[in-house]
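Subject: Structure handover

Hello,

Here is the structure you asked to see. Please open it first, then read the notes below.

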Amino acid sequence: MDFKLTEEQIMIRDAARDFAQTELLPGVIERDEKQEFPKEQIKKMGELGFLGMMVSPEYGGGGMDAVSYVLAMEEISKVDASASVVMSVNNSLVCWGLETFGTEEQKQKYLTKLATGEIIGAFCLSEPEAGSDATSQKTTAIDKGDHYLVNGTKNWITNGSTAEVYIVIAQTDVEKGHKGINALILEKGMEGFEVGPKENKLGIRGSDTHSLMFTDVKVPKENRIGEDGFGFKFAMKTLSGGRIGIASQALGIASGAYELALQYSKERKAFGKPICEHQSVAFKLADMKTRIEAARHLCMKAAWDKDVHENYDLSGAMAKLYAAETAMWVTTEAVQIHGGYGFVKEYHVERLMRDAKITQIYEGTSEIQKIVISRSVLRD
């Protein structure tokens, strides 16, 4: 085992940290309050290569490894989870899926622009009645020969109104169940494609989350990803990698809250000494540090599995489960250490606590991760 980062990985981590502190931190509280999408910041992230990190340079990407991606995701997420979820979706769900399973024509048309951040993408799986049960797709894509007619609704879509390219999972043949599902590339502006109002959320409020409605949207056959019926398998394989991204986001949220709590505990005095010298606070910090380090190792192991082409379904699920639970616990403790100040927006930790909650829910709830893990354990 080698736990030492390469010079390139350290450089990427430091660049992400610098960007987060100089570009994302100013105005992050105001963006959260106003539910304002960080448009200019996302544009700069694309220019710096953070939106297509693992894409081959052939298609405009950085050609970086998954470990570098985890390092960058953690640093961005320490400051602004609304920005890091854009980064996660574009890298893990949209770019990776297109590069791995798309045709050369699809890559040239879409991936080259997505990898450079010229445009951003969205991944559309969840529905009003198909969240954790992804097999119950009510959105339909009826085969009309040279095209599909898409009808239905998608919920909770990140980058819902700001994306230009949407990967939509839809049912073509109901009788075939999950083997009758397809993944289609839709574009903003297609006739019959409507974006619903922005969701008013508990956390990641700057993130652009919408419902999408499709009414007889005509999608060319060449926009299907993979063979007919490959859609469900495509979604599951893509989400396995997406979980590494969200695990890294959760890790970053936890790390950011811990760093703020540690700093505050050294400055705040009670009963004649800094509160970090009181055992009740010192032990909280010890537990926070230990859990974060354990979560970081799980994230790195999942990323390493991906880099060396090992199966990362299990390691990704464990990383997301533990990192998400850690983020929720650590941020709650960070608010507690801050006391009354933790309840005030200017100290950031209440926002991080609100942001942490979604990591237990999207891209597979904690309960779904336990299903994935337990099935693997019982199968072995």
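Leaving aside its neighbours within four places in sequence, which residues is Gln 41 in contact with? They are Phe 19, Glu 23, Leu 24 and Arg 31. Contact means heavy atoms within 4.5 Å. Gln 41 is found in helix α3. At 14% relative accessibility, Gln 41 counts as buried. The cut-offs are these: buried is under 20% relative accessible area, exposed is over 50%, and partly exposed is in between (1.4 Å probe, protein chains only).

Some ground rules. This is a predicted model, in which local features need pLDDT of at least 70, side-chain atom pairs count only at pLDDT 80 or more, and totals for chains, interfaces and linings use all residues. Residues are numbered from 1 along each chain as its sequence is written, and side-chain values use heavy atoms, with hydrogens and water left out.

The whole protein

The protein has eleven helices and ten strands. Both are DSSP runs, numbered from the N terminus: helices are H or I with at least four residues, strands are E with at least two. The radius of gyration is 21 Å, close to the 21 Å that the globule rule gives for 380 residues, so the protein is as compact as a globular protein of that length. That radius is taken over C-alpha atoms, and the rule is 2.2 Å times the number of residues to the power 0.38. The C-alpha trace spans about 80 × 45 × 40 Å along its principal axes. Of the 380 residues, 55% are buried. Among contacts with a separation of 6 or more, 74% join residues 24 or more positions apart.

Helix α1

Helix α1 covers residues 7–24. Its 18 residues should span 26 Å at 1.5 Å a residue, and its end C-alpha atoms are 25 Å apart, which agrees. The expected span is 1.5 Å times one less than the number of residues. Gln 9, Ile 12, Ala 16, Phe 19, Ala 20 and Leu 24 are buried in α1. Seen down the axis, these buried residues fall within an arc of 100°, so they line one face of the helix. The arc is that of the directions from the helix axis to the C-beta atoms. They pack against α2 (28–34), α3 (39–47), α4 (66–79) and α5 (81–101). The face turned away from the buried side carries the exposed residues Glu 7 and Met 11.

Aromatic rings

A search of the whole structure finds eleven aromatic pairs. Rings of Phe, Tyr and Trp (its six-membered ring) pair if their centres lie within 6.5 Å; planes under 30 degrees apart are stacked, over 60 edge-to-face, the rest tilted. Phe 101 lies in helix α5 and Phe 234 in helix α7 (residues 231–267), so the pair ties together parts that are 133 residues apart in sequence. Phe 101 is partly exposed, at 21% relative accessible area. Phe 234 is buried, at 0%.

Tyr 166 and Phe 193 also pair edge-to-face, at 4.8 Å centre to centre and 75° between the planes. Trp 96, Phe 101, Phe 123, Phe 230 and Phe 234 form one aromatic cluster.

Charges over rings

The charged end of Arg 291 sits over the ring of Trp 329, 3.7 Å from its centre. The test is NZ of Lys or CZ of Arg within 6 Å of the ring centre and within 35 degrees of the ring normal.

Best wishes
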